[in-house]
Amino acid sequence: MVPVMVPLHSLTEWMHTDSVKSLLHSFRSLDQDGASFLRCEALHAEEEGIARTYLFMDISIRTKILAFFTIGTSHMYVPAFETLDEDLMSSMNVSARTGYAPTYLISHLCIGLDADIPMSALFDSAMSMIRCSWKTTGCRLIRLDCSDTTIGFFESKGFTYIRKNDDQDLNQMLYVT
């Protein structure tokens with residue numbers, strides 16, 4: 001079986017809405033937050049243009065979602081923006097007025113139960129999508145929030161730990177292109 005990557009917005013064009021919802025609700029993962037996002041929020045994010053979700057699917061016998069990732073745009077406060085080198089601040093597009101910089105956001109990397117897809121494949125696919133967008137629109141920062149157990153994985157991919165999120169349950173990581 002070779003997984004096929006399918007954009008969620010394409011599924012909504014090919015399938016009846018109830019069928020798409022049924023497929024999304026069938027996804028199970030140890031990552032409860034990710035699975036909940038897919039079941040309850042991913043379609044809304046697609047419809048509103050907030051984020052794009054990409055599904056790794058097995059379509060050989062019975063259509064099944066094996067894994068997914070979601071990417072979008074966000075912003076990040078750069079508290080030391082006044083002390084950053086002016087060229088770096090300009091290339092990061094940090095607003096001199098507010099201290100916020102635009103970022104790409106990888107909001108979910110989620111593997112289903114019994115799926116034989118490595119996290120690195122999901123991550124590499126998400127980064128590939130961002131690189132395509134980056135060539136068109138720019139934006140030097142990529143942000144993600146991760147659990148304590150995955151910090152090492154993302155650091156090995158070039159991300160830097162920034163801080164805990166506001167709820168203190170996830171770690172904000174940043175990559176500068």
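The model is predicted, and local features need pLDDT of at least 70, side-chain atom pairs count only at pLDDT 80 or more, and totals for chains, interfaces and linings use all residues. Residues are numbered from 1 along each chain as its sequence is written, and side-chain values use heavy atoms, with hydrogens and water left out.

Begin by selecting helix α6, residues 119–137; helices (H or I, at least four residues) and strands (E, at least two) are DSSP runs, numbered from the N terminus. Just after α6, look for Gly138, which takes a positive phi of about 90°.

Next, select strand β7, residues 171–176, which pairs with β5, residues 141–146, in the antiparallel sense over six bridges; two strands pair if DSSP finds at least two bridges between them. Here Leu144 stands opposite Met173. Strand β6, residues 160–164, also pairs with β7 in the antiparallel sense, over four bridges, and Lys164 stands opposite Asn171. The hairpin of β6 and β7 has six residues between the strands, and Gln168 in the turn has a positive phi of about 65°.

Finally, select the cysteines: a search of the whole structure finds zero disulfides, a disulfide being a pair of cysteine sulfur atoms within 2.5 Å. For Cys40, the nearest cysteine sulfur, that of Cys110, is 13 Å away.

Methods: The expected span of a helix is 1.5 Å times one less than its number of residues.
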